[in-house]
Amino acid sequence: MGDWRRSHDCGALTASDVGSEVCLMGWAQFRRDHGGLIFIDLRDRGGLTQVVFCPEGSQAELERAHVLRTEYVLAVKGRVRARPEGMANPSMPTGEIEVEVKEFKLLNTAATPPFPIEDRIDASEMLRLKYRYLDLRRPKLAANFILRNKAVQSIRRYLDQLGFLEVETPVLTKSTPEGARDFLVPSRVNNGSFYALPQSPQLFKQLLMMAGFDRYYQVVKCFRDEDLRADRQPEFTQVDIEMSFVDEEQVMGMAETMVKTMFREAAGVMLPEVFPRMPFAEAIRDYGLDKPDIRFGLKLVDVTSIVKNSGFQVFAKAELVKGIRVPGGAALSRKEIDDFTEFVKIYGAKGLAWIKIKEDEWQSPFAKFLSDEEKKGLTEAFGLEVGDIVFFQAGASDMVNNALGYLRLQLGERFELIPEGSFAPVWITDFPLLEYDPEAKRWAARHHPFTSPQPGQLGTLESAPGDALARAYDLVLNGSEIGGGSIRIHDRETQRAMFAVLGIDAKEAEDKFGFLLRALEYGAPPHGGIAFGLDRLIMILAGAKSIRDVIAFPKTQKALCLMTEAPGEVSTNQLRELGIKLRTRDKDKEQS
RNA sequence: GGGGCUGUAGUUAAGUUGGUUAUAACGCCGGCCUGUCACGUCGGAGGGCGCGGGUUCAAGUCCCGUCGGCCCCGCCA
């Protein structure tokens with residue numbers, strides 16, 4: 001570059017800069033070579049500016065510029081000029097001007113990229129991930145990271161103003177028995193022992209409260225070795241927060257304002273002044289899921305009592321029978337209904353019952369089994385009108401709620417009931433403290449084992465564990481869980497009772513959580529907190545379909561990084577130092 | 001662990017019931033071009049169909065296995 005210095009970025013120049021001498025540096029996006037005149041759209045993170053190589057600028061540079069190709073890296077010096085009459089490009093922010101090149105430097109050449117660097121991309125994601133650094137040059141993708149930066153800055157500013165202390169917690173820590181599968185790191189100094197990467201800094205942030213830090217936060221990587229999804233990566237970022245001397249209201253209030261502030265500052269999006277709240281039981285009742293998308297209706301209706309003596313055995317025998325009324329749904333084709341039937345089978349449904357409400361009859365494979373009284377009951381329960389379709393699911397409660405809950409989302413999409421660009425946050429409260437694990441035949445913490453029961457629930461905890469409610473709360477946005485937290489247990493006795501219900505005996509508790517139990521004896525303050533999934537939050541804010549679009553270097557569904565080809569094998573020397581012997585490698589030797 | 005979709009020039013795709021030399025567009029290379037903006041125009045090169053087996057006179061096309069990619073169930077306190 002010599003002594004050349006960039007004077008502007010490629011999105012900065014406007015008509016008011018006409019006449020000024022500038023220096024731009026960036027990548028050649030498009031080249032339009034007219035022989036005696038060459039246009040190049042120069043691109044950097046800031047945008048795109050048309051630079052013109054022409055005789056008026058410099059005949060010598062024009063002749064030199066014919067070798068330029070896409071993605072070559074250039075520095076140009078020249079004069080900003082207004083484009084000639086009628087030549088402005090209204091679709092470009094810098095479309096009124098162009099830079100007449102007087103001198104340029106070729107900073108680097110570039111091989112032809114494997115896919116074009118432009119927003120209307122059609123390259124496969126496999127290829128894009130292999131060349132992630134090229135994909136990230138695309139303005140649309142880069143915009144997600146600019147947004148992400150704004151969001152994080154906003155959150156930090158907000159929490160800092162409230163006196164929160166950002167503290168780092170260990171990445172090499174201890175494996176904990178509950179929760180997701182841990183990523184393990186072998187210890188060289190202590191062969192046979194392993195660190196675990198944190199699934200979240202949960203215990204550390206509680207210990208920071210016991211340390212008297214009062215208000216803590218951290219933007220922190222967390223690791224869970226579970227299968228991936230469109231919205232799940234093995235390493236992801238949490239905005240982790242903990243506060244002392246607070247109750248639910250204070251944590252939720254603080255978090256709500258944080259999210260509102262961030263949406264406004266980062267994206268200009270105004271969220272509702274007050275987020276609605278919904279008890280867990282109501283969410284399941286009306287939406288079938290604990291993360292309801294409340295941007296549209298189609299609530300589930302429980303009709304178990306109406307059909308409990310029905311001649312239709314599928315209904316009569318079921319633990320729970322629920323339905324969804326879709327106004328105008330009678331127009332659905334048989335094929336579409338079959339597709340929905342296949343869809344609910346994913347969630348363990350055996351089939352999907354339906355009734356089309358026609359002018360003169362109920363069209364349905366099972367309407368003939370329904371008595372007039374049952375029909376009347378259903379008509380009232382759903383508020384049925386001609387042209388509706390009702391879908392039913394009958395069977396075990398969990399299956400019915402889950403299948404219909406997800407069917408509702410499908411129907412919302414099919415009937416275009418979800419308003420574009422809308423954001424609907426909702427707090428889910430009053431979660432059950434525990435849930436039964438039928439495989440392990442024991443109760444497990446729904447949130448985590450340090451979540452405090454609601455007042456007066458300690459008795460319930462022993463008599464009817466499933467009914468005990470937790471001081472826990474989730475924040476759901478557009479049907480996606482973006483944050484969750486709780487008021488924690490801060491006395492040793494409650495913590496012991498909790499471990500007892502979970503089947504963790506004193507010895508195991510001491511082994512796994514001794515450090516926490518000990519800390520609880522030294523004056524632990526009442527405390528609670530919340531953690532947000534930052535990637536998911538940004539994904540929703542950016543309107544991205546995948547969490548990969550807001551993570552700079554994401555992994556594929558098989559948890560591979562196509563760019564670095566991680567994970568990879570390591571040398572036997574490295575393994576020996578760690579005291580590790582591979583079973584598969586031995587097996588290969590035996591076979592060969 | 002399971003279900004669905006998918007892999008063909010650099011890229012995105014088409015490719016009949018197996019049948020000459022595997023199509024197209026974009027990109028790339030070369031020529032021409034002073035107002036383009038996904039510039040235009042003329043010409044050219046480029047793959048043997050993810051990989052390995054098999055069936056067949058003959059395989060992108062059928063079969064088996066295997067490796068990837070995407071979505072989902074399980075899993076994710």
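**A sheet, and then the RNA**

Guide: Start with one residue: Trp354 stands opposite Phe391 in strand 16. This is a predicted model, in which local features need pLDDT of at least 70 and side-chain atom pairs count only at pLDDT 80 or more, while totals for chains, interfaces and linings use all residues. Residues are numbered from 1 along each chain as its sequence is written, chains are lettered from A and ligands numbered from 1 in the order in which they are written, and side-chain values use heavy atoms, leaving out hydrogens and water.

Now widen the view. Strand 14 (residues 353-357) and strand 16 (residues 389-395) run antiparallel, joined by four bridges. Strands are DSSP runs of E, at least two residues; helices are runs of H or I, at least four; both are numbered from the N terminus. Two strands pair if DSSP finds at least two bridges between them. Strands of a sheet pair through backbone hydrogen bonds, either parallel or antiparallel.

Next, the RNA. Around RNA strand B there are 53 residues, and Arg81, Met87, Arg120, Arg446 and His447 come nearest. A residue is near a strand if one of its heavy atoms lies within 4 Å of it. Of the atoms of RNA strand B that come within 4 Å of the protein, sugar and phosphate account for 50%.

Some polar contacts follow (pairs of N or O atoms within 3.5 Å). Arg81 has a polar side-chain atom 2.5 Å from a base oxygen of RNA strand B. An N or O atom in the side chain of Asn89 is 3.2 Å from a base oxygen. Ser124 uses the backbone: one of its N or O atoms lies 2.7 Å from a phosphate oxygen.

Definitions and conventions. A polar contact is a pair of N or O atoms within 3.5 Å; within protein, one must be able to donate a hydrogen and the other to accept it, and residues adjacent in sequence count only if both atoms are side-chain atoms.
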